[in-house]
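Please open the model in your viewer and keep the selection tool at hand. The tour goes from the whole chain to single residues.

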Amino acid sequence: MIVGTTEAANILNISTARLRVLLIAGRVEGAYKTGRMWLVPLFKGKPMIVPGSRGPAPRWRNPRQPAKTI
């Protein structure tokens with residue numbers, strides 16, 4: 001079964017704006033856009049959301065080197 005964004009957002013209990021962010025990021029499995037409308041397939045009654053990462057990997061700086069003592 002295929003539904004639109006409003007119905008898919010109600011099923012997932014999230015806002016339509018959040019669902020559109022997930023759609024643009026490509027995290028909704030099998031979703032595609034026709035014209036101006038996103039179509040979201042249901043798997044076992046719910047859209048399948050791919051887990052995302054929590055941002056880029058940290059780039060820790062090296063701690064400051066201690067002052068040279070003579």
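The stops below go from the overall outline to the sheet, the helices, the core and one loop.

**Before selecting anything**

This is a predicted model, in which local features need pLDDT of at least 70 and side-chain atom pairs count only at pLDDT 80 or more, while totals for chains, interfaces and linings use all residues. Residues are numbered from 1 along each chain as its sequence is written, and side-chain values use heavy atoms, with hydrogens and water left out.

**Stop 1: the whole chain**

Show the C-alpha trace; along its principal axes it spans about 75 × 25 × 20 Å. Buried residues make up 20% of the 70 residues; buried means under 20% relative accessible area, exposed over 50%, and partly exposed in between, with a 1.4 Å probe and protein chains only.

Now switch to a cartoon. The protein has 2 helices and 3 strands, in the pattern β-α-α-β-β along the sequence. Helices (H or I, at least four residues) and strands (E, at least two) are DSSP runs, numbered from the N terminus.

**Stop 2**

Select residues 2-3, 32-34 and 37-41, which are β1, β2 and β3. They form an open sheet in the order β1-β3-β2, with antiparallel pairing (two strands pair if DSSP finds at least two bridges between them). β1 and β2 stand at the edges with a single partner strand each, so one side of each is left without a neighbour in the sheet. Between β2 and β3 there are 3 bridges. Pick Thr34 to find Met37 of β3 opposite.

**Stop 3: the helices**

Select residues 16-24, helix α2, and colour its buried residues: Leu19, Leu22 and Leu23. Seen down the axis of α2, these residues fall within an arc of 100 degrees, so they line one face of the helix; the arc is that of the directions from the helix axis to the C-beta atoms. An α-helix has 3.6 residues a turn, so residues three or four places apart point the same way. The buried residues of α2 pack against α1 and β3. After α2 comes Gly26, with a positive phi near 80 degrees.

Next select Thr5, in helix α1 (residues 5-12). Is Thr5 buried or exposed? Thr5 counts as buried because its relative accessibility is 18%. Not counting residues up to four places away in sequence, Thr5 touches Thr16, Leu19, Leu23 and Trp38, a contact being heavy atoms within 4.5 Å.

**Stop 4: the core**

Show side chains for Val3, Ala8, Ala9, Leu19, Leu22, Leu23, Val28, Trp38, Val40 and Leu42, the 10 residues of the largest nonpolar core. Such a core is a set of buried Ala, Val, Leu, Ile, Met, Phe, Trp, Tyr and Cys residues joined through side-chain atoms within 4.5 Å. At least two of its residues come from each of α1, α2 and β3, and α2 gives the largest share, 3 residues. Centre on Val3: its contacts, leaving aside neighbours within four places in sequence, are Ala8, Trp38, Leu39, Val40 and Leu42.

**Stop 5**

Select Gly30, in the loop between α2 and β2. At 45% relative accessibility, Gly30 counts as partly exposed. Beyond its neighbours within four places in sequence, Gly30 is in contact with Leu39 and Pro41. To finish, draw a distance from the C-alpha atom of Gly30 to that of Leu42, 12 residues apart along the chain: the separation is 8.9 Å.
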